[in-house]
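I opened this notebook to keep track of what I looked up. The entries follow the order of my looking.

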Amino acid sequence: FAMCALDALGMAAMLDRAIEVRSTDPASGEPIVARVGTDGRAEWKPQQAVVLAGARGDGPSYQGCCAVLNFFASPASAERYLREQPDVRGHVMSVPAAAAAGAAIFGDALAG
């Protein structure tokens, strides 16, 4: 369980373990599965799945970003979500780009 897609994808780097993330497109309800190995390589289904790196308002990330940093089954679904949520701003990322961002953010979080 994670607060957002980047948190979930970053767990492989943080824990140095392969991970599997199961999510649901918030617009269509379609299931999404992403796997990230210890080498950072990502696999995902459906193949057109993406991550919306979004924000709503200002303030701490847990208030403004986490709720809208989600997996979507396709770029079209994410873009439609952005159009229908005028208070959300953001951009669509590929799953590999999101996994790399998650690794950059969380990879050293447990390093001592």
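In which strand is the place of Asn70? I found Asn70 in strand E5. Helices (H or I, at least four residues) and strands (E, at least two) are DSSP runs, numbered from the N terminus.

Before going on, I noted that this is a predicted model, in which local features need pLDDT of at least 70, side-chain atom pairs count only at pLDDT 80 or more, and totals for chains, interfaces and linings use all residues. Residues are numbered from 1 along each chain as its sequence is written, and side-chain values use heavy atoms, with hydrogens and water left out.

**Asn70.** Leaving aside neighbours within four places in sequence, I listed Ala5, Pro26, Val50, Val51 and Leu52 as its contacts; contact means heavy atoms within 4.5 Å.

**The sheet.** I traced an open sheet of 3 strands in the order E5-E4-E6, paired antiparallel. Two strands pair if DSSP finds at least two bridges between them. E5 and E6 (88-94) stand at the edges with a single partner strand each, so one side of each has no neighbour in the sheet. The twist averages 25° from one strand to the next. I noted 7 bridges joining E4 to E6, and Gly54 stands opposite Gly90 in E6.

**Helices on the sheet.** H1 packs on the sheet, touching E4 and E5, and its direction makes about 80° with that of E5. H4 lies across E4 and E6, running at about 105° to E6. Axes are lines fitted to C-alpha atoms, for helices over the stretch in contact, and angles run from 0 to 180 degrees between N-to-C directions.

**H1.** How many of the residues of H1 are buried? I found 8 of 11, among them Leu6, Asp7 and Met14. Their cover includes E1, E2, E4, E5 and H4. Asp16, which follows H1, has a positive phi near 55°.

**Cores.** A nonpolar core is a set of buried Ala, Val, Leu, Ile, Met, Phe, Trp, Tyr and Cys residues joined through side-chain atoms within 4.5 Å. The largest has 23 residues, and Leu9, Val21, Val36 and Phe71 have the most contacts inside it. H1 supplies the largest share of this core, 5 residues. I also noted a second, separate core of 7 residues, including Val50 and Tyr81.

Key: Buried < 20%, exposed > 50% of the residue type's maximum accessible area, 1.4 Å probe, protein only.
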